[in-house]
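Colleague: I am new to this structure and would like to understand the terms used to describe it. Could you show me the model, and then set each term against its definition?

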Amino acid sequence: MKLASLFKIAAAAVVALSAPGMASAQKLNVVATTPDLAALAQSIGGTRVLVKALAKSTEDPHFVDAKPSHIVTLNRADVLIEGGAELELGWLPPLLESARNSKIAAGAPGRIVASQGIKMLEIPTSFDRSKGDVHSMGNPHFMLDPVNVKIIAAQIADHLAQVDPKSAGLYQANLKAFNTKVDAKLIEWQRQLAPYKGAKIVTYHKDFPYLAERFGFEVVETLEPKPGIAPSPAHLAKVIGTMKATRARVILVQPYQNRKTAETVARQTGATVLDIAQQPGAMKNTTTYFDLMDRIVGTLATAFQATP
Ligand SMILES: [Zn+2]
């Protein structure tokens with residue numbers, strides 16, 4: 001082979017190794033406000049993304065402990081996914097202001113608001129924030145309905161493709177695989193919960209209405225009188241009355257909610273307190289959305305079966 005040809009081959013190899021190679025090795029920094037959105041971003045972004053959640057899996061998504069490290073994370077983000085509908089109203093805006101990152105500014109391709117496109121439940125007809133209610137725009141805990149998650153996954157794929165067009169095909173392929181799995185698992189989850197249609201439960205916060213609606217059970221009361229407001233003795237007396245009247249036998253409590261209050265109510269109603277979490281990672285072996293839903297559906301089915 002002529003020397004000139006060898007040079008050409010070598011030069012081509014260097015180009016192949018360096019420029020495009022380096023560019024494709026650079027993953028997108030995707031930041032999600034909560035671990036459930038982060039798990040979704042990981043499923044859609046796959047090998048092209050480095051995903052971080054701001055809130056811990058055991059932290060109340062309404063009241064996240066804002067830290068300086070969150071500002072650094074947001075400053076380096078290529079994409080931000082938030083729940084929206086004021087879920088993060090109490091902590092995200094000041095962090096964003098300090099992070100000064102135009103890539104994730106409102107309206108930028110790098111900013112994803114999950115609530116857009118979701119049919120919100122419990123939109124209040126009138127609202128007074130001064131009373132402390134944190135669900136001013138409807139209920140922001142829509143991730144427990146797998147149908148909603150498909151809408152959000154599509155939104156994530158769309159935005160990732162805008163930010164990183166050369167990987168658009170990968171994001172579409174990941175989205176397709178994700179949706180196929182959701183469709184299959186939804187049938188399985190519905191089958192598992194079908195025997196308990198109409199089952200009555202109580203939750204600490206209004207965090208399970210989407211799950212209840214999708215799978216056909218009923219949240220008859222919440223221990224909080226309004227979302228974000230601590231239970232009062234008068235309200236708990238009302239809850240106990242409702243539980244006795246409706247024979248609600250299960251009280252769902254998340255890691256950051258006051259289990260003692262739930263136990264007090266359970267003692268007076270013969271109900272069972274059920275530890276559950278709506279964020280992946282808070283319960284053992286729940287990394288993906290599917291792990292999480294498997295665990296939630298399984299836990300509920302077991303509890304309903306034990307408390308007829
Ligand atoms: Zn809430």
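Modeller: Let us begin with a pair of helices: α4 passes α5 in a right-handed crossing. This is a predicted model, in which local features need pLDDT of at least 70 and side-chain atom pairs count only at pLDDT 80 or more, while totals for chains, interfaces and linings use all residues. Residues are numbered from 1 along each chain as its sequence is written, and side-chain values use heavy atoms, with hydrogens and water left out.

Colleague: What makes the crossing of α4 and α5 right-handed?

Modeller: A crossing is right-handed if the near helix is turned clockwise from the far one by less than a right angle, and left-handed if anticlockwise. The passage of α4 across α5 falls in the right-handed class.

Colleague: At what angle do α4 and α5 pack, and how far apart are their axes?

Modeller: Helix α4, residues 68–75, and helix α5, residues 92–99, pack at about 60°, and their axes are 8 Å apart. Axes are lines fitted to C-alpha atoms, for helices over the stretch in contact, and angles run from 0 to 180 degrees between N-to-C directions. The pair is therefore oblique, since angles under 35 degrees count as roughly parallel, over 145 as roughly antiparallel, 65 to 115 as roughly perpendicular and the rest as oblique.

Colleague: Which residues of α4 and α5 meet?

Modeller: His 70, Ile 71, Leu 74 and Asn 75 in α4 meet Leu 92, Leu 95, Leu 96, Ser 98 and Ala 99 in α5, where contact means heavy atoms within 4.5 Å. By class, this contact holds six nonpolar, three polar and no charged residues. In that scheme Ala, Val, Leu, Ile, Met, Phe, Trp, Tyr, Cys and Pro are nonpolar, Asp, Glu, Lys and Arg are charged, and the others, Gly among them, are polar.

Colleague: Why are α3 and α6 called oblique?

Modeller: The axes of α3 (residues 35–45) and α6 come within 10 Å and cross at roughly 55°. With that angle, α3 and α6 are therefore oblique to each other. Their crossing is right-handed.

Colleague: How many residues of each class does the contact of α3 with α6 contain?

Modeller: On the α3 side are Leu 37, Leu 40, Ala 41, Ile 44 and Gly 45, which meet Val 149, Ile 152, Ala 153, Ile 156, Ala 157 and Leu 160 in α6. These divide into ten nonpolar, one polar and no charged.

Colleague: Why is Asp 164 called buried?

Modeller: Asp 164 has a relative accessible area of 3% and is therefore buried, as buried means under 20%, exposed over 50% and partly exposed in between (1.4 Å probe, protein chains only). Asp 164 is in the loop between α6 (146–163) and α7 (168–193). Its side chain makes a polar contact of 3.1 Å with the side chain of Arg 48. A polar contact is a pair of N or O atoms within 3.5 Å; within protein, one must be able to donate a hydrogen and the other to accept it, and residues adjacent in sequence count only if both atoms are side-chain atoms.

Colleague: What makes Asp 207 buried?

Modeller: The relative accessible area of Asp 207 is 1%, so Asp 207 is buried. Asp 207 sits in the loop between β5 (200–203) and α8 (209–215). Beyond residues up to four places away in sequence, Asp 207 touches His 141, Leu 144, Gln 254, Tyr 256, Gln 257 and Gln 278. With Gln 257 there is a side-chain polar contact of 2.9 Å.

Colleague: Is Ser 136 buried or exposed?

Modeller: At 13% relative accessibility, Ser 136 counts as buried. Ser 136 lies in the loop between β4 (111–113) and α6. A polar contact of 2.2 Å joins its side chain to that of Glu 86.

Colleague: Why is Glu 86 called partly exposed?

Modeller: Glu 86 has a relative accessibility of 21% and therefore counts as partly exposed. Its place is the loop between β3 (79–82) and α5. Phi of Glu 86 is near 65°, a positive value in a residue other than glycine. Most residues other than glycine have a negative phi.

Colleague: What makes Arg 100 exposed?

Modeller: Arg 100 has a relative accessible area of 73%, and it is therefore exposed. Arg 100 lies in the loop between α5 and β4, and its phi is near 45°, again positive in a residue other than glycine.

Colleague: How many helices and strands does the chain have?

Modeller: The chain has eleven helices and eight strands. Helices (H or I, at least four residues) and strands (E, at least two) are DSSP runs, numbered from the N terminus. Buried residues make up 49% of the 308 residues.
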